[in-house]
Structure formats: C-alpha cells, structure tokens
Amino acid sequence: DTETLLFRDGKRRIDMVLVYEEEDYGVMTLAEVTRREMRRVFQENLVKEGLELELEEKHMAFDQEKFFLKVHVPWKALTRYAEVMNMKMPIKVTKISDYRHYIIYIVQEVEGGLQNKRGGLLPYKLMKIFEYDHTRIAKEPSFYTATYRQDKEEQFIIKDRETFFTAAQRSQVVWQIMMRAKYDDSEKVGIRRLLNSGTYLAAFPLHEGSYSRDRRNGTNLDRRVITLVSLYFGWLGFYTKMLIPASVVGLLCFFYGLLSMNSSDNIPSMEICDPSVGGNITMCPLCDKVCDYQKLNSSCVFAQITYLFDNPATVFFAIFMSFWATMFLELWKRQQAVIVWEWDLQNVEDDEEPRPEFETSVKTFRTNPVTMEKEPYLPTWSKAWRFLATSSAVLFMVFVVLGAVLGTIIYRISVVTVIYGSGEQFLKTHAKIFTSITAAVINLVLIMILTKLYQRLALWLTNLENPRTQTEYEDSYTFKIFVFQFVNFYSSLIYIAFFKGRFFVHPGDASARNSAFTRLKIDVCDPAGCLSELCIQLSIIMVGKQLLNNFLEILYPKMYNWWSKRVHRSNTKNLERKYTRWEEDFQLQDPGRLALFEEYLEMVLQYGFVTLFVAAFPLAPLFALLNNIGEIRLDAYKMVTQARRPLAERVQDIGAWYGILQGVTYASVVSNAFVIAYTSDFIPRMVYKYVYSPTENLVGYIDSSLSEFNTSDYRQDMVADTDAEDPSTCQYRGYRNPPNHEKKYDLSPQYWHVFAARLAFVVVFEVI
C-alpha cells in the first residue's frame with residue numbers, strides 16, 4: 001500500500017488525485033473539447049504555482065478512459081503557502097530557565113501522585129474505560145508551535161522535509177492552490193466549478209492504507225486522524241459519556257414506576273382498571289353518529305402505560321435533566337477549550353479568507369478599512385432580497401410540514417371513526433392504541449421523505465445567499481436545515497403535548513359542528529391523559545429514526561461501493577491486475593463538502609428528543625446512549641472504509657451547532673415545565689389530594705377529573721342510528737359544571753384552582 005502513495009519514482013508523495021474521463025474513439029463533441037481545453041489551462045496554472053503532476057492511464061474501459069492525475073506539492077511551494085495560510089508548526093525550545101523547569105517537574109509529580117491515589121477509587125476505575133488504549137494509538141507529542149515563516153526555518157523542528165508537514169496539511173495546501181487556479185482566459189477559477197461541470201469527476205487525497213495493526217509496535221497503520229483530530233468525534237464522545245448519568249437516573253425513574261404500580265401513588269390507574277369503579281363509569285362517544293359509549297375501564301392499558309412515565313419520580317427527573325443539559329453545555333465549553341489548545345486551533349477563523357465562489361461571482365468591490373485593499377462585497381440591498389427570498393422558501397416548507405402533521409391528525413380521527421363504524425369488536429377494543437401507533441409510523445415516513453426533499457432546497461437557497469466565507473456558508477445552511485428539521489420532527493410532539501384536546505369544549509358542542517377546525521376540536525386525549533400518546537409518538541419517532549439512520553448508514557455506502565466496484569470491474573480489460581490505491585479510493589463514496597453535517601444534525605436532533613420531552617419518556621437518554629455507543633464506531637468505520645478521505649479543514653469550535661444546542665437547552669427547561677404542568681396529571685392530582693380529597697389521598701380522583709353530560713343535550717344529527725337505548729348521562733374528561741347547574745357546561749371552580757397551580761408550578765420550575 002505504501003508504494004501506491006508515491007509517484008512512480010518512489011520518492012514524491014501523492015498529495016491529491018484528480019480523476020477525469022475522456023473519449024478516445026470517434027469525434028469529440030464541442031462540450032468535450034471545451035472540457036479538455038479547460039483541463040489543459042488549469043493544469044498549466046497548477047504547474048506555474050509550483051505543483052508537480054503525474055498522469056496515470058492504466059484504467060481502461062471499453063469506450064472511455066479514466067485518467068488519474070497525481071498531484072505532489074514540493075517543499076518550495078509547500079513552505080510558501082504554509083506561510084500565507086498561517087500554519088502553525090512545532091518549534092525548537094532553546095531557552096528554559098531552571099526555575100520554570102523546576103515548576104514543571106513539581107506539577108508533574110503532584111499530578112502523578114494524585115493519579116496514583118485516585119487509581120484505587122471506583123469512579124476513576126470506571127472512567128478509565130473511556131481512555132484511549134495507547135498501545136494502539138500513540139500519545140500525541142508535546143511541543144510548542146508558531147506560525148511558519150520561511151526566513152525563520154532554522155527555528156522549527158525539521159527532521160525530515162517529507163514528514164514535517166502532515167498529510168492533512170499537504171492536501172490542504174494543494175486544495176487552496178486548486179481553488180484559486182484559473183481554467184480559462186476569464187476570471188473563472190476553482191476546482192469546484194470544474195467538478196460541478198464534469199470537467200473532473202473527482203478530487204480527493206488518498207487514504208493511507210488498509211485498516212490493519214502492526215503487532216510489532218502496536219500502532220495502527222491507518223488513518224489515526226479520525227480519532228485524534230476530529231472535533232466531531234471529540235464532541236460525540238463527550239456527549240455520549242454525559243448520557244451515562246442521565247440514562248441511569250431515567251432508568252431508575254422507570255423502575256420506580258414499574259415497582260410502584262400497585263402502590264397508593266397509582267390509585268387513579270387502579271380505579272380505571274377496577275370493574276367496580278371504571279366499569280361503572282360510562283364515557284361519552286369520541287365521535288358523532290358512529291362511535292359508541294364506552295366504559296372507563298377500556299382505557300386500562302393507557303392508564304398503566306401512563307403511570308410508568310407519569311409518576312412522582314418524573315418531576316425529579318425533569319428537574320435533573322434541566323440541570324444536566326445546562327451542565328453539559330458548560331462542561332463542553334471547557335472541554336472544547338482544552339481541545340483547541342492541545343490541537344493548536346486558536347484564532348483559526350480570524351484568518352479565514354473569502355470563498356472562491358464568492359470572489360468570482362460578486363462584481364461589486366470596496367476598500368477594506370483595515371487592510372486598505374480592494375475586496376469583493378455584496379451590497380446591502382442585494383443581501384436583503386436574497387435573505388427575503390430564502391426566508392420565504394423556508395417558511396413555505398415549514399407550512400408544508402405543518403400540513404403533513406395536520407394530515408396525520410385527520411388520518412387518526414378518520415380511522416377511529418371508520419373502526420367504530422365497522423362493528424368489528426377487536427378493532428374497536430384496540431382502536432386508540434392502533435391509531436396512535438400507525439399515525440406515529442406514518443408521521444415518521446413523512447418526516448424522512450420531507451427531509452430528503454428539503455436538503456436539496458436548502459443547499460440551493462444557501463448558494464443563492466452566497467455567504468462570504470466557508471464558515472458563514474456552513475452556518476447559514478445549518479440554520480436553514482435545523483429550523484426545518486425542528487418543525488419536521490417535533491411539531492407532532494408539540495401538538496400532542498400542548499394542543500391536543502385543548503380545543504374540545506364538551507360533547508354536543510354546536511360550535512364543533514360549524515367550525516373550520518371541527519376535526520381538531522373532536523381530537524381529544526384518552527381519559528387516562530395525553531402523556532401515554534406522547535410517549536408512544538416520541539419513542540417511535542426517536543427510536544425508529546435511529547434504527548433507520550443506522551441501517552442506511554451501513555447499507556447505502558456498502559451498496560454504493562459494491563455497485564461502483566462491480567461497474568469498474570466489468571469495464572476493466574485486465575481482470576487480474578491489482579487495484580491501485582487511487583482506484584480503490586475513487587470507487588468509494590464521495591463525502592461531499594459538508595462531510596460531517598449529517599452526523600452533527602442526527603446527534604443534535606437526538607439531543608432535542610433527550611431534553612425537550614424527556615418528562616414523557618425517561619428512557620430516552622438510555623436509548624440515545626445505546627445508539628451512540630454504536631454510532632461512534634459506525635461513523636469511524638464509514639469514514640475510513642466506505643468513503644473517500646475528506647479534505648482537511650481546521651476549525652476552532654463546532655460552529656453554529658453550539659448556538660443551536662443552547663437554544664434547545666433553554667427550550668427544554670420551558671418544555672418540560674409545561675409537559676409536567678399541562679400534559680401530565682401530576683398537578684391535578686396534587687390539587688385534588690390536598691384541596692378536594694377528604695382523606696388526603698387519590699381515592700376518588702378519577703371521578704373528580706371527569707365532568708357529566710346529559711345525553712338529551714345531543715342534537716339529533718349527532719346521535720347514532722341504532723336501536724340500543726342511550727344512557728341518560730355520560731362523562732368526559734374536563735372540569736366543567738354539571739347539566740343541572742345554572743351555568744351548565746361552563747368551566748368549574750376546580751378548573752381555575754388547577755390552572756393557578758399549573759402556572760405556579762411553571763414559575764417555580766423555571767426559577768429553580
């Protein structure tokens with residue numbers, strides 16, 4: 001493998017590979033002639049910039065030839081651009097005072113003593129699980145660095161010119177040269193334009209060999225850069241470790257609900273399931289004409305599911321997760337600062353230059369007040385109309401998502417109506433749980449479809465905005481995608497948690513028949529509450545998304561690479577010839593310009609599931625932890641075996657994702673407070689227990705939480721056409737006056753007591 005990383009002379013390293021296709025038979029079209037000329041001019045300009053090229057023509061097809069152009073950056077060009085790009089390299093330390101040396105020695109001794117003392121403690125033994133195995137991954141060398149300067153070359157540690165600059169730095173220099181090299185007589189520049197036009201099929205640095213272990217020295221021969229320098233893996237590893245305490249506490253809360261199922265805390269569920277209580281309470285129909293009256297104990301399953309996640313431990317867990325989310329962000333800032341210092345990433349973005357696409361597409365210029373140099377810029381009016389156009393498109397797609405959510409709501413209500421009208425007893429018995437599960441699955445499918453469509457639109461909109469720098473470009477794209485995905489993934493959960501059943505007044509409500517939102521008004525929660533449905537929806541979307549993404553992350557690259565190799569082999573005349581490294585890498589999947597965007601997005605959306613609605617599903621951190629343990633290995637495996645080597649890029653933080661994580665964290669505190677106060681029955685139960693219960697317990701709570709309705713108040717067009725005699729009264733979920741009250745069906749005093757307690761809880765929760 002090492003031989004295929006070099007030019008034919010066996011000395012010069014291959015820093016980049018360009019691939020293009022060119023017909024050698026018949027008459028060439030005008031487009032092919034144009035592309036050939038652009039390649040000629042482009043390659044001549046690369047040579048003028050100091051790069052060395054070598055053409056490889058061994059890959060022959062039946063009617064076309066694929067050409068592999070190997071690129072090497074020699075020392076002279078490398079050092080010139082390293083100085084321009086402000087690369088920091090290791091320097092020699094010539095003066096260290098005895099005093100400073102003594103201080104460093106004392107610090108090392110103290111740290112060593114503390115580590116020896118801590119080594120016997122259980123927490124520190126457990127933390128060693130997450131430390132690198134340095135028999136496989138060597139420790140990073142410790143040295144001082146400084147911005148490279150050609151006139152100060154003697155001050156840098158240069159043992160070997162070929163290894164002084166890393167492979168990532170060398171490919172970064174080559175890429176910067178290719179980004180600014182002209183390919184015709186006009187001002188058009190950049191390898192990206194040539195890739196988009198098909199002039200070149202691909203441009204990529206080479207992987208450094210197969211993933212194997214040299215057992216003689218215990219080091220990996222492959223790309224250790226994935227583990228050591230990727231900020232994404234640093235963040236993902238830190239996030240995964242932080243999920244451990246959250247998973248343990250969530251699991252304990254779940255076990256508390258499971259073990260206390262028959263305790264006094266679960267009296268409401270036991271009353272619902274008790275035939276002598278729930279079996280004697282007749283519930284009003286869920287819909288007009290076709291729906292039947294049901295006994296309260298038909299909601300027994302929902303009541304038991306609800307208690308598993310809606311118990312006294314849930315409040316503690318919601319408070320704990322609010323603290324956890326805040327601590328996660330603060331601790332990550334500290335960890336990120338350590339990484340930035342150790343990897344020498346300070347002030348990286350301060351030196352960022354404009355994107356070549358921005359420089360070539362913008363035709364207006366101004367004088368920079370700091371450097372006094374002429375630079376391209378977009379006028380304010382141009383930025384304004386571009387922002388207005390992209391914002392309108394994003395807003396339109398948000399309404400498309402809300403329309404899809406409304407469609408699933410209508411589906412759920414319509415299916416319930418059809419099931420009750422069918423007369424099939426089994427379906428009628430399980431109608432609510434069946435519609436909840438199928439609606440969640442349909443919603444997940446719609447989410448995944450809309451995600452794929454919107455990603456293409458967001459990329460086009462970001463190109464229309466034309467941000468100045470690559471960081472601004474990525475931040476703009478990130479914001480557009482996340483706004484859409486937030487609505488896409490969380491809108492159905494927000495509806496169930498905070499809006500479902502809020503439009504319902506009482507059975508027989510005339511306004512529900514004449515309102516444009518008729519179907520929304522009759523979409524009510526089960527008598528056991530909305531939390532069980534929220535839990536089902538959250539678990540299916542979160543776990544289903546994780547399983548589907550992991551399946552696609554494994555299957556799609558493998559299928560893509562298998563098909564690429566199959567096509568490559570079928571078009572190769574010499575089947576016995578062994579593939580070269582550049583041929584093998586060319587057949588791998590292209591990671592694209594936003595190689596890690598999908599990975600960040602997946603984890604940030606998961607973070608939202610873990611924090612925003614965790615009060616409804618305490619097992620969410622556990623499922624996230626189990627997923628991430630495999631995700632780290634899966635992402636690393638995919639990047640080093642199934643995708644081409646990504647282009648090197650230095651960043652000093654996780655970009656716009658940190659701001660998004662902050663926003664999600666702040667929203668989660670508010671969200672969990674309202675989930676407990678308004679979606680959960682915790683507050684109504686406490687109000688009943690300490691204000692209305694004569695025995696200061698929850699006996700009789702279910703009857704207190706239901707209101708009575710006189711069936712004679714149904715209009716004739718609302719009554720089912722059956723011979724069965726209707727009961728004189730039925731009950732429904734809510735706090736309203738009885739039929740014999742002078743203000744019948746108006747909100748009762750108990751409603752306002754519960755409402756005030758809910759508001760007070762939200763305020764106290766936010767303050768804490």
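Student: Where do we start? Is glutamate 330 buried, exposed or partly exposed?
Tutor: Glutamate 330 is partly exposed, at 39% relative accessible area. Buried means under 20% relative accessible area, exposed means over 50%, and partly exposed is in between (1.4 Å probe, protein chains only). This is a predicted model: local features need pLDDT of at least 70, side-chain atom pairs count only at pLDDT 80 or more, and totals for chains, interfaces and linings use all residues. Residues are numbered from 1 along each chain as its sequence is written, and side-chain values use heavy atoms, with hydrogens and water left out.

Student: What does glutamate 330 meet in a salt bridge?
Tutor: Lysine 333, at 3.4 Å from N to O. A salt bridge here is a side-chain nitrogen of Lys or Arg within 4 Å of a carboxyl oxygen of Asp or Glu. Lysine 333 is partly exposed too, at 37% relative accessibility.

Student: How many residues apart are glutamate 330 and lysine 333?
Tutor: Three, within helix α12 (residues 312–342), so about one helical turn separates them. Helices (H or I, at least four residues) and strands (E, at least two) are DSSP runs, numbered from the N terminus.

Student: And what does lysine 480 form a salt bridge with?
Tutor: Glutamate 465, with the closest N and O atoms 2.9 Å apart. That pair links distant parts of the chain, 15 residues apart: lysine 480 is in helix α17 (residues 470–498) and glutamate 465 in helix α16 (residues 431–465).

Student: Are those two buried or exposed?
Tutor: Lysine 480 counts as buried, at 5%. Glutamate 465 is buried as well, at 18%.

Student: How many salt bridges does the structure hold?
Tutor: There are 20. One of them joins lysine 744 and aspartate 713, with closest N and O atoms 3.4 Å apart. Both sit in loops, 31 residues apart: lysine 744 between β14 (729–733) and α27 (749–767), aspartate 713 between β13 (706–710) and β14.

Student: New topic. Which residues does the "transmembrane region" annotation cover?
Tutor: The unreviewed UniProt entry gives 225–258, 313–332, 393–413, 433–454, 477–498 and 604–626. UniProt positions follow the numbering used here, feature names are shortened, and annotations may be inferred rather than shown by experiment.

Student: What is the chain over residues 477–498, helix or strand?
Tutor: It is 100% helix and 0% strand, with end C-alpha atoms 30 Å apart. Residues 393–413 are also 100% helix and 0% strand, and their end C-alpha atoms lie 31 Å apart.
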